[in-house]
Amino acid sequence: MNDNPLIHIQNISKVYEMGGEQVFALRDISLDIYPNEYVALMGPSGSGKSTLMNVLGCLDTPSTGIYTFKGLDVNEMSDNDLAEIRNREIGFVFQTFNLLPRATAVKNIELPLIYSGVSSSERKSRAIKVLQDVGLGERLTHKPNELSGGQRQRVAVARALVTNPSIILADEPTGNLDTKTGIEIMKLFRDLWLKGNTVILVTHEEDVARYAQRIIRIRDGKVESDEKNTVSQYSQGTE
Amino acid sequence: MNILESILQAFESVRSNTLRTILTLLSISIGIFSIIGAGSAVATLDSAVNTQLVAMGENSFMIRRTPTINIGNSWRKYRNRKDITYAQAKEFKNNIESTDLISISDETDGYTAKVGNLSTDPDISLIGCDENFFTIKNMQIIEGRSFSAQEVLSATSTAIIGNDIVLKLFNGRKAIGEYLTLKNQQFLIVGILKSQGSMFGKSLDNQIMIPISTFMRYHTDEWGSSVDITGQAYSKQSFLQTVDESIGTMRSLRNVKPWEDNSFEIETNETISNQFASFTGYLSMFGIASGIISLLAAGVGIMNIMLVSVKERTREIGIRKAIGAKKNWILFQFIIEAITLCQLGGIIGIAFGVIAANGLSTLINAETQIPLFWVLFSVGTCTLMGLIFGSYPAWKAACLDPIEALRYE
């Protein structure tokens, strides 16, 4: 394993002000994530795992504590710096897919490249390439409403991959899918991990978490446990 | 590239909310329409007037009780002016030394001319004038002759008629030497005027000239019998001198005290065109003012539609921010969208304004003028509007918190 962590979090807390009362969403969390890890963040709803994901995904900054991403201090970053980190380093996959409804699959995938200033022709060829990689090469010009749930999520994964990010951050990626399609998507993530990607998976389902190589359990804003996955579900995927 | 995306997005939002967007764009169109319409109308009128003025004769001037073009409340100023009587005008004509080309005339409308069973519509202008009138006004007599000084002196029943009347009453037959009837009085036709076309939709050939003496005796209308004096200087050099002499003579004839203003108007091509300019000035001011008011209303509409659009697309904004759109990109996207919407409305307004101007120029037989300045002004105004009224919604969009926005249903 690489010595330099991709993500280094030390004693971070996130406090919300609610009706004059301070609510701790995260309390004093520390963890490191290294390149090519496959991590599942687990916890019941209200545990703070979504807040942790937002912080890890640079959508939000912690109230206190240290967060360095590839050695860069995230706390010091402006909104625009955070946007740039999200654009180049993080690929988001959401439970509800979050595709632009009126854009075709290719256009959706091109979007992050637009924001990083990639030329039109390169955008298109890269978008088509990743779409083929996730197995949707024949659905290039379909709009989200012309695709099945599984296909939409594949488009979302392709969008996350197209910038070659350091981390793929998936928030309940199977939550809106049936079991069979969910398994297909989890296989896709496993393949990505096997190809050398770093994947962080946020879920409340044990079955889904078991695909990961390391499981971090969150409860009441604290890390409850952080251990290697012993029940290696991911090996089943190769059957 | 990003601009293109934003412009396409604007068209997309027109398409997805057709009625709402079109209603808002309509108010922009109306605003731009009135600006362009007024601009084109003014340009068209200007060119028509300038053409006609040249036709009026180079060094001529006119003395009247009130100005030809009168705008606003200034009628109070002229209300108490005494008529320029025929006697006064004749005295003026005798006293002027620097030119002999002085004509006395008066005009009244609504006459019907008859020959046998045929009669015209009651829309003929009857002009009483003298032998100098045609020279000064640059009117050519293509058939027959002008009045003689003797005819004017003795108030004969002779007439010189315009082309429209020839066409209506004689229909190919010879008119010279024939008689026509005006208000039960018979007139011998001695001359026919060369056709002059029309001005502001009114035919200049639908008129009959009779000697001013005859006119004064039988045809002065109840609105008063103030006559017009038209004069022409011999040359450009003597023009100002002749005008000065005319003013002096007229003041003394009308007993104007040295400290008082003229109790009459003296008009030259220049003063008429100035009067006209002030008229067209009012017209363009009115057009621009009403345009700006409706554009303000439209601006509020644009802001509203953009706010709704931002609200509806909160989630989209969240997605864009999550995958790396910076604040300025979002700001830019929505401002471009607002500008595009405004331009869309503006283009429709420009098109209709130009069409309306074409209609006007056809109506008054003038050459169509498309006021390029006003077109550019409109495009600029639309851009500015999009910028002003799109900024707040765009700013709201740019400042959305990505987490909140993504959660928005």
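**Legends to close-up views of a predicted two-chain model**

**View 1. The two domains of chain B.** In the domain assignment, chain B comprises domain 1 (2-51 + 276-407) and domain 2 (82-263); such bounds come from an automatic or database domain assignment. A distance of 53 Å separates the C-alpha centres of domain 1 of chain B and domain 2 of chain B. The structure is a predicted model, in which local features need pLDDT of at least 70, side-chain atom pairs count only at pLDDT 80 or more, and totals for chains, interfaces and linings use all residues. Residues are numbered from 1 along each chain as its sequence is written, while chains are lettered from A and ligands numbered from 1 in the order in which they are written.

**View 2. The overall form of chain B.** Chain B contains 14 helices and 14 strands; helices (H or I, at least four residues) and strands (E, at least two) are DSSP runs, numbered from the N terminus. Its radius of gyration is 31 Å, well over the 22 Å that the globule rule gives for 409 residues, so chain B is more spread out than a compact globule. The radius is taken over C-alpha atoms, and the globule rule is 2.2 Å times the number of residues to the power 0.38. Along the principal axes, the C-alpha atoms of chain B fill a box of roughly 100 × 55 × 35 Å.

**View 3. The side of chain B that touches chain A.** Here 17 residues of chain B are in contact with 19 residues of chain A, a contact being two residues whose C-beta atoms, placed from the backbone, lie within 7 Å. Helix 1 (2-16), helix 11 (314-322), helix 12 (327-363) and helix 14 (402-407) of chain B each supply at least two residues of this side. Helix 11 of chain B gives the largest share, 4 residues. By type, this side of chain B holds 9 nonpolar, 2 polar and 6 charged residues. Ala, Val, Leu, Ile, Met, Phe, Trp, Tyr, Cys and Pro count as nonpolar, Asp, Glu, Lys and Arg as charged, and the others, Gly among them, as polar.

**View 4. Helix 4 of chain B.** Within helix 4 (residues 86-95) of chain B, Tyr86(B), Ala89(B) and Phe92(B) are buried. A residue is buried if 20 or more other C-beta atoms, placed from the backbone, lie within 10 Å of its own, exposed if 12 or fewer, and partly exposed in between. Down the axis of helix 4 of chain B, the buried residues fall within an arc of 120 degrees, so they line one face of the helix; the arc is that of the directions from the helix axis to the C-beta atoms. These buried residues pack against strand 2 (102-111), helix 8 (212-218), strand 13 (228-232) and helix 9 (236-253) of chain B. The face turned away from the buried side carries the exposed residues Ala87(B) and Asn94(B).

**View 5. The surroundings of Leu140(A).** Leu140(A) is placed in the loop between helix 4 (120-133) and helix 5 (149-161) of chain A. Leu140(A) counts as partly exposed because it has 17 C-beta neighbours inside 10 Å. Leaving aside neighbours within four places in sequence, Leu140(A) is in contact with Thr104(A), Ala105(A), Val106(A), Ile128(A) and Leu131(A). Leu140(A) and Thr104(A) are 36 residues apart in sequence, yet 7.0 Å apart in space, C-alpha to C-alpha.

**View 6. Confidence along chain B.** Chain B has a mean pLDDT of 85, and 93% of its residues reach 70 or more; pLDDT is the predictor's confidence in each residue, from 0 to 100. In chain B, confidence is lowest in strand 10 (residues 198-199), at a mean of 69, and highest in strand 7 (residues 158-161), at 94.
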